Amino acid sequence: MKKYLVFWFILCSFKSGEVTISEVREEIINQGIRHSDVVIKQAILEVGWINKTHFKSEIHNNLFGFIFKGKEIEFNHWKESVYYYKIWQDKHYPGRINYYEWLECMWKENGKCIPYASDLKYCNKLKN
């Protein structure tokens, strides 16, 4: 029940307009997302934030490029995508391996690694 109250509070406390990298970093940390240093880099890379300080919600507030059934998930507010990342990470990340290594091979299907992103250079881009 507490999770739903937190989510409801997030939904009710939105502000419109632009959001800064600092605001997203703060929300990632507040949500208790592990490896926040890597996760903020994911948001920066996914929304094309490199060399920018703000972004507008023209990307359906999906900071992490989440896809469901071949379509990008649309969120009402960017904080919803951070909350979704937290739930997704808690469900899938085993916590025993290096986060970059896990993003490169989250699980295996028919002996082949399934990565977080289709871009084979994704983790190298995050590191740089």
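This is a predicted model: local features need pLDDT of at least 70, side-chain atom pairs count only at pLDDT 80 or more; totals for chains, interfaces and linings use all residues.
**The overall layout**

The chain holds six helices and six strands. Starting at the N terminus, their order is α-β-α-α-β-β-β-α-α-β-β-α. Of the 128 residues, 35% are buried. If you take the contacts between residues at least 6 apart in sequence, 47% of them join residues at least 24 apart.

Helix H2 covers residues 21-30, and its buried residues are Ile21, Val24, Glu27 and Ile28. Looking down the axis of H2, you'd find these buried residues within an arc of 125°, so they line one face of the helix. Ser22, Glu26 and Asn30 sit on the other side of H2 and are exposed. Just past H2 comes Gly32, which has a positive phi of about 75°.

In soluble globular proteins, nonpolar side chains tend to be buried together. Here, the largest nonpolar core has 31 residues, and Val24, Phe64, Tyr85, Tyr99 and Tyr116 have the most contacts inside it.

You'll find Val38 in helix H3, and it is buried, with a relative accessible area of 3%. Under the 20% cut-off for burial, that 3% is why Val38 counts as buried. Setting aside neighbours within four places in sequence, Val38 is in contact with Tyr99, Tyr100, Leu103 and Leu126. Val38 and Leu126 are 88 residues apart in sequence, yet their C-alpha atoms are 7.1 Å apart in space.

| Residue | Contacts |
|---|---|
| Val38 | Tyr99, Tyr100, Leu103, Leu126 |
| Tyr116 | Gln42, Glu46, Phe64, Phe66, Tyr85, Trp88, Leu103, Met106, Tyr122 |

**The largest pocket**

Which residues lie nearest the centre of the largest pocket? They are Phe66, Ile67, Trp88, Met106 and Tyr116, out of 17 residues that line it. Tyr116 touches Phe66, Trp88 and Met106, among others.

Helix H4, residues 78-92, gives the largest share of the lining, with five residues. By type, the lining residues split into 12 nonpolar, three polar and two charged. Tyr116 turns up in both stories: it is one of the core residues with the most contacts, and one of those nearest the pocket's centre.

Notes
Residues are numbered from 1 along each chain as its sequence is written. Side-chain values use heavy atoms; hydrogens and water are left out. Buried means under 20% relative accessible area, exposed over 50%, partly exposed in between (1.4 Å probe, protein chains only). Helices (H or I, at least four residues) and strands (E, at least two) are DSSP runs, numbered from the N terminus. The arc is that of the directions from the helix axis to the C-beta atoms. On a 1 Å grid over the protein atoms alone, a cavity is a set of points where a 1.4 Å probe fits but cannot get out, and a pocket is an open set with protein on both sides within 12 Å along at least five of seven lines; lining residues have an atom within 4 Å of a point. Ala, Val, Leu, Ile, Met, Phe, Trp, Tyr, Cys and Pro count as nonpolar, Asp, Glu, Lys and Arg as charged, and the others, Gly among them, as polar. A nonpolar core is a set of buried Ala, Val, Leu, Ile, Met, Phe, Trp, Tyr and Cys residues joined through side-chain atoms within 4.5 Å. Contact means heavy atoms within 4.5 Å.
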